[in-house]
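Dear colleague,

I am passing on the structure below, and after it you will find my notes on what turned up when I went through it. Please read them with the model open beside you.

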Amino acid sequence: MLTVKRMKKSFILYVAIIVLFFSFGLSAKANTERVDDASNSITYGGAWANYSDGRDFKGTEKYSDTANDYAELRFYGNSIKWIGPKNNKYGIADVYVDGVLAQAGVDLYSPTMKHQQVLFSASGLSSQMHTIKVVVTGNKNAASTAAYVVIDQFVYALAPDIVDDRDLAISYNGIWTHFSDALDYNATEKYSNGVNSYAEFSFYGTAIKWIGPKNNNLGISDVYIDGVLDQAGIDAYAPAKTHQQALYSKTGLSSGVKHTIKVVVTGSKNASSSNTYLAIDAFDTSTQANPNAFVSNNTDWYDTSGKLISAHEAGMTQVGNTYYWFGTSYTDNPRGNYGNAGHNQLNGMNVYASNDLVNWKYAGVALDVPATGVGTVGTNHRPHVIFNESTGKYVMWFFEIRDRYPDAMLHVATSDTPVGPYIIQQATIATAAPGGYAQDFDLFKDTDGSAYLIYDDGTRSIRVDKLSSDYLNTTSSSVMAIPNTVHSSEAPAMIKYNGKYLVTASGVLGWGGTPTWGALADTPLGTYSTAKQLTSGMGSWIQNTDLVYVSNSNTVFQIGDSWKNPNSSDIDKSRYFFMPVSINAQNNTASITYYSQYNPLTGWHN
């Protein structure tokens, strides 16, 4: 069955389990991904035509009335929806999930036009890679005038980091028994003492944990990774029961490829144990910090599900031990259209999460395309996020190019969580520059909690404005950091390091990379040194987007977009560079160096 139905529990028991879950247990993240009909992720077989309608998602749809034409999407998640219109000229489709007919005779007929309707949905899928295929039958309702089938979008729920013992993604071999315990993850576990019985789970990621209890009747197990014995003799004995223990963990797995963990009952036990049971509570695929991981610059970077990372014009924020990478997605906009010309190709702001700055898990769309109001005219760019302790809000600034460049406006959105969703709070923020203008920008939060906006003021000079205490507006406190008489600049960033404040910027070359220039000061609004070129060679192939401080190693690195590299016809495939930054406070100098291999967490490079 594609839909899992659970029996209703009493309200008291429900509340008790929820309280226990959030008080003691693991926490799972959930988010959704929307895939537009024009996305390259969808494979179309046959002759599908394009149609524009402003009431569709992103204003477009694809249609066909030829029998056996199909639209197919591969996705990594546990539920899926096919969204499209209904009308008096639409026909009937069959829908397959993972190659199996899931619903025959999906009828798109309606006497009146209705947009963005849920035409098919499947939930309760196992948390792994799936395929949905919509097939044109050529048949229609008797009342319909034609047999068209229409694709507007697909919406799927991302697979969670933590997979419960009952999830269909876990395959059990042998005799396993279900057991309820309110202190387990999702209040359940499965157990077996049949020799060679096993639980097997396939996943995309670089890390895995087997979560289970320890108790006085539990035995010894072996764990295999990708068919190879990785750890033998894992003893789950304890004199008293403890819950949600990491019985096994593995990091440093290859990114973007499918892995399998297999936990096997050995029939052996600790001499003090009363039995040889093995218990499965959950598997946790959240990325663990790998201090030996490194990025390879000038190569394609993939997230943990095997997809190209789509987060350009990046801003990065650290929350605890997790780094969040925000960026603009050009997935359906290969030419990089902006303003009015690119609005219907807009994807929103993506966010990725990592504990080691190398292995990135897609965390969803942090700021979606607004349905009304601000952000509905042009294209949105350069998301930067900082946390405000006094308000408890994550604050995102971004700018919108409206009709055409450089008609750019700054906007502010907030969220209760780092991954969103972000809700727009302030529109068209004025800066301290003459005319209040700004375009490319960065945010910087100082160690004393004060925050600053660093921006191109419209004359290709880089200014720094202090923000209000809630980070939702600018103030009149402002300074020029890099005047255009020294260097014509865009794409600025700012960081504090080795007692100095560094402002960096790229030259003005559109979708081209340029050397990075920088200027130093002793305070954020102090007197800045004359800007100098900081990069050379391969390091000058990028456009500056952010500077990131890494507390683990007391280092700083630059993020840059290497536009049109390696594919000049698809902006979204442009590569990212991470490059270490050095500041010599005594000499008041800075430099940024390109290395083919770089570990941002430790500072190692090669």
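In the hairpin of β35 and β36, which has six residues between the strands, Tyr 471 takes a positive phi near 70°; strands here, like helices, are DSSP runs numbered from the N terminus, with at least two residues in state E for a strand and at least four in state H or I for a helix. This is a predicted model, in which local features need pLDDT of at least 70 and side-chain atom pairs count only at pLDDT 80 or more, while totals for chains, interfaces and linings use all residues. Residues are numbered from 1 along each chain as its sequence is written, and side-chain values use heavy atoms, with hydrogens and water left out.

The hairpin of β34 and β35 has five residues between the strands, and in it Gly 458 has a positive phi near 95°. Strand β35 (residues 462-467) is itself mostly covered, with five of its six residues buried; buried means under 20% relative accessible area, exposed over 50%, and partly exposed in between, using a 1.4 Å probe and protein chains only.

Further along, an open sheet of four strands runs in the order β37-β38-β39-β40 with antiparallel pairing, and its edge strands, each pairing on one side only, are β37 (490-497) and β40 (532-533). Between β37 and strand β38 (residues 500-506) there are six bridges in the antiparallel sense, and the bridge partner of Lys 496 is Tyr 501 in β38.

Some backbone features deserve a check by eye. Most residues other than glycine have a negative phi, and most peptide bonds are trans. Asn 196, which is not a glycine, has a positive phi of about 75°; Asn 196 lies in the loop between β15 (188-192) and β16 (198-204) and counts as exposed at 53% relative accessibility. Asp 226 likewise has a positive phi, near 50°, in the loop between β18 (220-225) and β19 (228-235), and is partly exposed with a relative accessible area of 39%. A cis peptide bond, with omega about 10°, joins Gly 420 and Pro 421, and Pro 421 sits in the loop between β31 (408-415) and β32 (423-429). The peptide bond from Asn 565 to Pro 566 is also cis, with omega near 10°, and Pro 566 is placed in the loop between β42 (555-562) and β43 (575-584).

As for the chain as a whole, its secondary structure comes to one helix and 45 strands. The radius of gyration is 27 Å, close to the 25 Å that the globule rule gives for 606 residues, so the chain is as compact as a globular protein of that length; the radius is taken over C-alpha atoms, and the rule is 2.2 Å times the number of residues to the power 0.38. Along its principal axes the C-alpha trace spans about 75 × 75 × 45 Å, and of the 606 residues 54% count as buried.

With best wishes

How values were computed: Pairing = 2+ DSSP bridges.
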